[in-house]
Amino acid sequence: MLRRKITDQLIEWKNNPKKKALLIRGARQVGKTHSIDDFGKKNYSSYVYINFEENPSYAEIFAGDRDVDTIIRNMSARFPRIKFTPGDTLIFLDEIQNCPNARTSFKFFTIDGRYDIIGSGSLMGVRYKEVSSYPVGYEDSFEMSSLDFEEFLWAMDVRQDTIDIVKNNLTEKKPTEKLFLDMFNEYFRWHMIVGGMPEAVKMFKETNHFGNVLNVQKNIVKLYLDDIAKYAPAREKNRVIATFRSIPSHLARSSKRFMFAEVEGKDGSRYDTYGNGLLWLNEAGIIRLCYNLHEPALPLVSNRRNNAFKVYMQDTGLLTAMMEEGTAAAILSKDLEINEGAVMENIAADMLTKEGYEIFYFEKNGTLEIDFVLNLNGVATAIEVKSGNNKQSKSLNSLMSDKYKVKRGIKLQNNNTFVDDRGVEHYPIFAAAFMRSMNER
């Protein structure tokens with residue numbers, strides 16, 4: 001069983017006397033079911049697991065009256081051996097998108113308060129028109145992603161005190177001892193290839209073989225394509241598939257802005273053609289959108305350009321698997337500029353979003369472009385990702401000039417930690433995975 005951070009969040013939720021029903025969203029195969037199932041078995045005397053995909057007939061439990069007594073009575077008919085103990089029972093509703101009425105019942109469980117309830121699923125295939133009302137104000141929500149870099153380090157049996165040494169050095173802007181730096185850079189390269197899908201991480205840990213990992217990843221990509229065929233609106237299926245398949249080629253361009261005309265090579269294609277498919281992939285948790293800004297100034301959301309954005313894969317290992325043969329070998333040989341730094345920029349986006357940040361970028365006139373702009377503790381911060389040894393930072397220097405007045409600049413590159421004479425902070429690229437803890441002090 002892989003150690004996941006969501007376990008601590010679930011325990012904190014359980015111990016909250018004012019907790020609401022809990023909804024955990026996330027893409028397929030990121031480990032939602034295993035984590036919640038393990039939590040339920042270890043922390044409650046009574047535990048009910050219902051999977052609406054495996055057992056569609058269980059939807060009948062929620063088909064009639066929605067008061068809690070009626071629902072529990074219906075459950076007891078299906079699970080006669082389970083004792084529903086008030087205050088010590090967890091009901092886990094998996095693949096909840098297949099039972100709209102179960103989601104509606106969250107309101108009544110929250111008001112009643114006798115039984116803890118968790119729903120899990122993606123937005124893939126949600127039948128919006130069948131939901132009578134969403135439990136607005138009566139549920140809490142977590143988003144779960146594939147393993148982040150720290151969770152990957154745990155899976156590789158790296159000691160927590162070793163991780164803390166490196167994290168503290170990053171926070172204090174101090175160089176890290178070469179032994180630790182080299183070790184973390186090696187794990188980082190592995191993480192770019194393996195990614196964070198639990199099945200892929202387990203395969204790597206068990207076999208130490210990237211070929212076996214690639215087979216797992218290709219199966220997950222195929223599962224996503226099958227899900228698109230199953231759940232996407234009929235008129236959008238081919239467009240969603242084409243959009244999904246185009247992501248590696250978009251990121252392999254020097255300008256990584258998403259271009260609708262290049263999805264299938266059709267001139268004149270616009271948002272009207274592929275926009276719905278793109279949003280569908282985003283809601284399904286498969287991709288992340290990174291919007292361009294009118295100006296690199298707070299509030300960033302108010303400066304967002306809705307018609308200009310980059311698209312990143314939620315899991316960098318899957319992106320690596322979708323690229324041409326030799327990508328993994330190039331990463332291992334430290335050729336991080338492969339495919340115009342596509343994997344490197346994606347892993348930075350992957351790490352930053354898993355830290356909970358909404359990511360933006362800034363590009364103007366085709367000459368000035370900064371990879372990411374974040375709100376770090378109320379400060380607009382420009383982040384530049386350098387995959388090679390190029391030390392030029394023209395865009396970063398421009399943003400920190402009097403014209404744009406960005407107060408903080410960060411460069412993520414293959415080197416140690418230091419602050420230069422312009423005040424730009426330099427960190428190894430894997431520091432993006434610890435950006436939250438680096439900015440808490």
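Modeller: A charge sits over a ring if NZ of Lys or CZ of Arg is within 6 Å of the ring centre and within 35 degrees of the ring normal. This is a predicted model, in which local features need pLDDT of at least 70, side-chain atom pairs count only at pLDDT 80 or more, and totals for chains, interfaces and linings use all residues. Residues are numbered from 1 along each chain as its sequence is written, and side-chain values use heavy atoms, with hydrogens and water left out.

Colleague: Over which ring does the charged end of Arg-3 sit?

Modeller: The ring is that of Trp-154, with the charged end of Arg-3 at 3.6 Å from its centre. Likewise, the charged end of Lys-310 sits over the ring of Phe-372, 5.6 Å from the centre.

Colleague: How is a pair of aromatic rings described?

Modeller: The distance of the centres and the angle of the planes describe such a pair. Rings of Phe, Tyr and Trp (its six-membered ring) pair if their centres lie within 6.5 Å; planes under 30 degrees apart count as stacked, over 60 as edge-to-face and the rest as tilted. The structure holds 18 aromatic pairs. Among them, Phe-52 and Phe-62 are edge-to-face, at 6.0 Å centre to centre with 65° between the planes.

Colleague: Are Phe-52 and Phe-62 buried or exposed?

Modeller: Both Phe-52 and Phe-62 are buried (under 20% relative accessible area, with exposed over 50% and partly exposed in between; 1.4 Å probe, protein chains only).
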